[in-house]
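Please have the viewer open as you read.

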Amino acid sequence: MCGIVGYLGKKQAAGALLEGLYRLEYRGYDSAGVAVMDENVIRIVRRKGRVKELECARHLVGNIGIGHTRWATHGSPSEKNAHPHRFGRVVLVHNGIIENAHALKEECLTRGEEFSSETDSEVIAHLIERYLTGDPLLAIKKACERLQGSYALAVLIEGKHAIYLARKKSPLLVGKGEALLVASDLPALGNISHAYALEDGQFALLKGDEIAFYDGELRPVSPKEIAFDREEGEKETLCFEHFMQKEMAEIPAVLARSEVDFATDSRFSDFYRVLCQTEYIQIVACGTAFHAGLCAKEAIERLARISCEVTVASEYRYRDPIVKENTLCIAVSQSGETADTIAAALLSKEKGAHLAALTNVAYSSLTRAADSVLCTNAGREVAVAATKSFNAQLFVLYSVARALAFSRGREAPPMQCFSALAYRALEVAEEVRSWTPFFAAAKSAYFIGRGADYVVALEGSLKLKEISYLPSEGYAAGELKHGTLALLEEGTPVVAIATNEDLAEKTMNAVHEARSRGAQIFLVTTLPGLAAREEHSVLLPPIDEVYSPLISVIPLQKLAYYTALARGNDPDKPRNLAKSVTVE
Ligand code: AGP
């Protein structure tokens, strides 16, 4: 949700800022801007649209600067609402939401101050300028004390050769190498030797080649260094046209890594002690991660017979959830920065749950809040549509389900070589390319299944909506006849997922009902008998039905990808969305 960058070094800042913004573009891409200071003068270039529209800023002279790529929350996507924002001597970029911006703006207006944007961020520049009588960091602290909501701020002050930072709830990292760099996410820091995370409520000052960190009272504190894989950020799309395509192709490798991690990972063994004491499970998550949680519920309740409640994080946080003794809360989040998931996780912890973070980003805010951390090791996921991270989350959650079962003296079906099954699934799923003309031309689409297949239907539907912009619904196959059947017309595509032998014929009843109303049926199954009956089907390799979502989701991920291409959309950067949703 918006990405911010900063550069202070010996080279021209503009190039480094643009590189950082390109790497952060997944966080928002409706407008972008940079500010570069030279001889105490700050020049700003902003553009509506993607970072490439900002290439004209490359010529800016100066070796200190800040930049921003935006996902609009307040005010339309436009040049005037793009960051950086300036008021007086203060120029800043902001990631987050200022909840009391309206009241603060009214206050500034009564002082005769003018605003040039509709954003909540501009008011921060007004406040800093108002308090700017001596030490800029003190002025920023005073301004921050007036703010409600979340922020990661990078500030330039005309006449001061320094970058000032502040953080509350939105991620902010600083890197040190040949230069000092600032970014919302590690890969955007580029070539660095050390990386540090600002904690909530902290401030930082970048000056010369030094970084100083301060607590909320501006007392110096030691920074928190982050361990990172120097290779990781460098992997690009290579021979793939899109990140989504690359990330789907990586699923077998991700599962192979997971097989190694969770066979030998001692952290998971420590976690086993927690699992032995667990009597109730709550899972909180959003979007695709929520669907991973729903799949986990199926497996946990079936294998371990432990009650597992799965709630969308944005609902959980505003309920008064009941957390019984010995509850384990698993917060699932690829990014570890989703604001709703973090808030729900903290609420559950506050009410006494043991909080486990299941995330793909080891240094994320969620990780720092958790009592136990389970890492997915899926590698960096760039495409807004989550693919390989979902498969990785499933693997870990199924490992948890099995461990819970064992801790109760129960059996669980052995884990097969899922990486090989996923490899085969990717091959056979290419069949869905031939389905795309039906979807590209459709007005809507439906996905149906039962049990875990129903959850996969939800995920397939989300993926299709997200990148193809085709209205779509995931439905419990048995529920279709209770209302939704009325929406089916001649040729409406209905995708049925059937991997559970006991439930397959029941799902096929719904298929027949849909077909009789003119629906065009597409089947994803592990059952050869069923596949043979349908004109359009993908036959997946056999897999124990408890774990089947690990591979049955793959054709649906591909279907969304190819449909997006057929409809002329960019699958990596769908409209109106961002990869990391760090605002409510
Ligand atoms: C998935 O394709 C979506 N982009 C979205 O639903 C995502 O899963 C959700 O925003 C949660 O993100 P997280 O896993 O980083 O918390």
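## Basis of the report

In what follows, Ala, Val, Leu, Ile, Met, Phe, Trp, Tyr, Cys and Pro count as nonpolar, Asp, Glu, Lys and Arg as charged, and the others, Gly among them, as polar. The model is predicted, with local features needing pLDDT of at least 70 and side-chain atom pairs counting only at pLDDT 80 or more, while totals for chains, interfaces and linings use all residues. Residues are numbered from 1 along each chain as its sequence is written, and side-chain values use heavy atoms, with hydrogens and water left out.

## The shell around the ligand

By class, the shell has six nonpolar, six polar and two charged residues. Of these 14 residues, S333, Q334, S335, T338 and E466 come nearest; a residue is near if one of its heavy atoms lies within 4 Å of the molecule.

Domain 2 (237–415) and domain 3 (427–574) each give the shell at least three residues, with bounds from an automatic or database domain assignment. Helix 8 (287–304) and helix 15 (452–468) each supply at least two; helices (H or I, at least four residues) and strands (E, at least two) are DSSP runs, numbered from the N terminus.

## Polar contacts and burial

A polar contact here is a pair of N or O atoms within 3.5 Å. Look for a polar backbone atom of T288, 3.1 Å from a ligand oxygen, and one of Q334, 2.7 Å from a ligand oxygen. S335 uses a polar side-chain atom, 2.7 Å from an oxygen of the ligand. Taken alone the ligand exposes 410 Å², and the protein buries 90% of that (Shrake-Rupley method, 1.4 Å probe).

## Two backbone details

Most residues other than glycine have a negative phi, and most peptide bonds are trans. The bond joining H83 and P84 is cis, with omega about 0 degrees, and P84 sits in the loop between strand 4 (64–70) and strand 5 (85–87). N326, a residue other than glycine, has a positive phi near 60 degrees.

Technical notes:
Polar contact = N/O pair within 3.5 Å; in protein donor to acceptor, adjacent residues only side chain to side chain.
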